[in-house]
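Hi there,

Here is the structure I promised to pass on to you.

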Amino acid sequence: MAGLMGVLFHFVLGRRVQRLESAARQLAAGELHVRSGLRGMDEVGRLGRAFDEMAERISQDQEALRRSETSFRTLIERAPDAIFVHRARRVLFANPAAAALLGHEREDTLRGIEVRELLMPGELDPLTQAPLTEVMREVHLRHRQGHAVLGEVVTFSIPFEGEPAWVSIARDVTERRQVQEKLRSTDRMVSLGTLAAGVAHELNNPLSYVLSNLRFAMDELNERLGAGQPMTDEQAQEILQALQESLEGGERMRNIVRDLRSFSRREDERQGPVDIHAVLDSCASLARGELRHRAQLVKEYGQIPPVLGNESRLGQLFLNLLVNAAQAIPDGDAKGHCVRLTTGHASDGWVEIAVQDTGVGIPPENLQRLFKPFFTTKPVGVGTGLGLSICHGIVTSMGGRIEVSSEVGKGTTFRVFMPTAPSASAAPSAVPPSS
């Protein structure tokens, strides 16, 4: 009887253990619906219940993961921004927005191509070159038809299919850049409109004495030639003096026209070494009419190298700041006020340019909003509210920084920090200094 009971117990226990082992193998093979179904109060029964609970949790976790992956894939595929996943400089995955951005009919046509084929020729590769940082950078992507698409791209690392990879997210900013360019052009024209009377006066003064001196020289020559009389040395000297003054007046008018053309032309995107003092002198010349009856212009230029930027955009920037400085000062007391232009070295090899006025100042509650679009404290019809916003955009687009400090009743100071041109500084800091 004992032997029979032992054989029976061994047979039943062995079957139950085999059942548990089979369920474990099926679960390991991915059959998440499998359960052992073992019951009882013995060790095998308790082990079977624990196994079934574990299998249920795994099944639920796998289902949640599957739903999460489905939602994530749906999100990626329907995202309005272009998304590229790449490894070893080859595209592994691209969403429909990426295909649309580059002019492809299907996203699978992008898989397997080299990342450099996504970029315009000569464009630095910000998608794969180390060090990669999670910072938006503007990149000229290559459309299938060959033209450039301006995109803001951020790249960071992620695990993809069990191995490290990079994901690049690109947003088409071509249209936004075009709108920004139109706003900048509009702001330039508004500034020129504000300065029109002063510029006309600046042209009219030299034009008047040019014409006056030319008439004098012509009358003197006609009189001597008509009378057949020789010209004395004194008379010749007077005519030469009149012609010299006419030449100087013509040169003055040519410089004003040159400054106007430099300021109003549609600038390209190229950046290079810029003589900031020449830019400030041109802006001061154009703003002379606004400043004449309000303040004295003081220049305190230091020994600084050329800055890295775009000359026309810098002209728009500082002309805006000069006009704002003039308009912050009440008319009628030019000797009691001044607008000061200062240049010098900042920390880490950067250049600091300051525009300081002794005007009414800016209340503290307005300082934080000063660079926001359409914010203005000027009366309706006087300002667009875009000038300082555009100034901020100009500075940041060239890698610089602008700061403002003000005290009500005492005046305002705008400080612009710009990197030096590479030829002037071998390794300028990548971050504008803070004051």
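Predicted model: local features only at pLDDT ≥ 70, side-chain atom pairs only at ≥ 80, totals over all residues.

The phi angle of R89 is near 65 degrees, a positive value in a residue that is not glycine. Most residues other than glycine have a negative phi. R89 is partly exposed, its relative accessible area being 46%.

A88 belongs to the loop between β1 and β2 as well. Its phi is also positive, near 55 degrees, and A88 is not a glycine either. With a relative accessible area of 71%, A88 counts as exposed, because the cut-off for that word is over 50%.

Now to the strands on either side of that loop and the sheet around them. Five strands make up an open sheet, and their order is β2-β1-β5-β4-β3, with antiparallel pairing. The edges are taken by β2 (90-94) and β3 (137-142); each has a single partner strand, so one side of each is left without a neighbour in the sheet. On average, neighbouring strands of this sheet are turned by 40 degrees against each other, if direction is ignored.

Strand β1, residues 82-87, runs antiparallel to strand β5, residues 163-172, and five bridges join the two. Which residue of β5 is the bridge partner of I83? That partner is I169.

Enjoy exploring, and write back with any questions.

Best wishes

Note on methods. Residues numbered from 1 in each chain as written. Heavy atoms only, no water. Pairing = 2+ DSSP bridges. Helix = DSSP H or I, 4+ residues; strand = E, 2+ residues; numbered from the N terminus. Axes fitted to C-alpha atoms, helices over the stretch in contact; angles between N-to-C directions. Buried < 20%, exposed > 50% of the residue type's maximum accessible area, 1.4 Å probe, protein only.
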